[in-house]
Amino acid sequence: MDSSLWAGAAKTDLSPSSDLFPLPQREMKFYDHVYEPIYVRVAAFRQDEQLFFLLSFELFGSPFADELRKLLAQKYQIPESHIWICDTYNHCAPREDLYRFDTSTCGSGAGNRTNQ
């Protein structure tokens, strides 16, 4: 029996297009543009006909994680438990309370970011 491990990886930009701005936040605040691209990355592993996915979103919280897990499980005919979803928030990506952060330096000096 061949028990080779296969792996692959990809990433894609999830940034909203400019025609979607302004995007609402909380308390009548709005996102007005993208400071840095927002990516999702996926690593896929297969061994002995078993397929596993690890998805990482550059967001605070993984959007629609349960729905996405169900969709992928159905599409690839694998158990939902073989799909892991996490977030890798970078203080420039959208989050529920982003208005508390000064994002004016995103993309031009991450060390200068400050809490308001």
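Is R41 buried, partly exposed or exposed? R41 is partly exposed, since its relative accessible area is 33%; that class lies between buried, under 20% relative accessible area, and exposed, over 50%, with a 1.4 Å probe and protein chains only.

The model is a predicted one, in which local features need pLDDT of at least 70 and side-chain atom pairs count only at pLDDT 80 or more, while totals for chains, interfaces and linings use all residues. Residues are numbered from 1 along each chain as its sequence is written, and side-chain values use heavy atoms, without hydrogens and water.

The protein has one helix and eight strands, which are DSSP runs (helices H or I, at least four residues; strands E, at least two) numbered from the N terminus. Their order from the N terminus is β-β-β-β-β-α-β-β-β. Of its 116 residues, 27% count as buried.

Two salt bridges are found in a search of the whole structure, each being a side-chain nitrogen of Lys or Arg within 4 Å of a carboxyl oxygen of Asp or Glu. Side chains of opposite charge can pair when their charged atoms come close.

R41 belongs to strand β4 (residues 39-47), whereas E58 lies in the loop between β5 (50-57) and α1 (65-76), so that the pair links distant parts of the chain, 17 residues apart. E58 counts as buried, at 11% relative accessibility.

A salt bridge also joins R69 and D66, whose closest N and O atoms are 3.3 Å apart. Both residues lie in helix α1, three residues apart, about one turn of the helix. R69 is buried, with a relative accessible area of 17%.
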